[in-house]
Amino acid sequence: GAVGAQHLAEALKVNATVTELDTGDNDIGDLGAQHIAEDLKVNATVTVLDLSCNKIDDLSAQHIAEATKVNATVTQLDLDYNNVFDGSSNDVLREVWRHRSDL
């Protein structure tokens, strides 16, 4: 849940080895996604981030998009099966990921 995601996010700040983070289907919700987004800004090793099936909404997706603007090491992002429908969050994601390998 969100508390576990918060602990993972805190670990991202000091992580020097983990390159893939899969939180798929863990019900981290918006709060957990926002924690991960904030700490992803300072992480330089994660290249693959799976946040699928986590009940994330548009605002949290926007936080993730903003974090990936700062963090250029993430090359694969999975937000499938969440509540991301708003055009503005999708536009931000498209803009950020235009030059990345996978969306």
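How many residues does helix 2 have, and what should they span at 1.5 Å a residue? Helix 2 has 12 residues, which should span 16 Å, and its end C-alpha atoms are 16 Å apart, in agreement with that value. The expected span is taken as 1.5 Å times one less than the number of residues in the helix. Helices (H or I, at least four residues) and strands (E, at least two) are DSSP runs, numbered from the N terminus.

The model is predicted, and local features need pLDDT of at least 70, side-chain atom pairs count only at pLDDT 80 or more, while totals for chains, interfaces and linings use all residues. Residues are numbered from 1 along each chain as its sequence is written, and side-chain values use heavy atoms, with hydrogens and water left out.

To begin with the overall layout, the chain has 4 helices and 3 strands, and from the N terminus on its elements run α-β-α-β-α-β-α. Of the 103 residues in the chain, 42% are buried; buried means under 20% relative accessible area, exposed over 50% and partly exposed in between, with a 1.4 Å probe and protein chains only. Among contacts (heavy atoms within 4.5 Å) in the chain with a separation of 6 or more, 86% involve residues 24 or more positions apart.

In soluble globular proteins, nonpolar side chains tend to be buried together. Here the largest nonpolar core has 22 residues, and those with the most contacts inside it are Ile28, Ile36, Leu49, Leu51, Leu77 and Leu79. Such a core is a set of buried Ala, Val, Leu, Ile, Met, Phe, Trp, Tyr and Cys residues joined through side-chain atoms within 4.5 Å. At least two residues of this core come from each of helix 1 (2–14), helix 2 (29–40) and helix 3 (58–70).

Helix 1 and helix 2 pack at an angle of about 5°, with their axes 8 Å apart. Axes are lines fitted to C-alpha atoms, for helices over the stretch in contact, and angles run from 0 to 180 degrees between N-to-C directions. Helix 1 is therefore roughly parallel to helix 2, given that angles under 35 degrees count as roughly parallel, over 145 as roughly antiparallel, 65 to 115 as roughly perpendicular and the rest as oblique. Helix 1 contributes Ala2, Ala5, Gln6, Ala9, Glu10, Leu12 and Lys13 to the contact, and helix 2 contributes Leu31, Gly32, His35, Ile36, Asp39 and Leu40. Sorted by class, the contact of helix 1 with helix 2 has 7 nonpolar, 3 polar and 3 charged residues. In this sorting, Ala, Val, Leu, Ile, Met, Phe, Trp, Tyr, Cys and Pro count as nonpolar, Asp, Glu, Lys and Arg as charged, and the others, Gly among them, as polar.

Turning to the other partner, helix 2 and helix 3 pack at an angle of about 10°, with their axes 8 Å apart, and are therefore roughly parallel to each other. The contact is made by Asp30, Ala33, Gln34, Ala37 and Leu40 of helix 2 and by Leu59, Ser60, His63, Ile64, Ala67 and Thr68 of helix 3. By class, the contact of helix 2 with helix 3 has 6 nonpolar, 4 polar and 1 charged residues.

Gln34 lies in helix 2 and counts as partly exposed at 29% relative accessibility. Leaving aside neighbours within four places in sequence, Gln34 is in contact with Leu59, Ser60 and His63, while the C-alpha atoms of Gln34 and Gln6, 28 residues apart along the chain, are separated by 8.7 Å. Glu38, also placed in helix 2, is partly exposed with a relative accessible area of 47%.

The loops complete the description. Asp25, in the loop between strand 1 (20–22) and helix 2, has a positive phi of about 60° although it is not a glycine, and counts as exposed at 61% relative accessibility. Lys55, in the loop between strand 2 (48–50) and helix 3, likewise has a positive phi of about 60° without being a glycine, and counts as exposed at 55% relative accessibility. Thr45, in the loop between helix 2 and strand 2, is buried with a relative accessible area of 19%.
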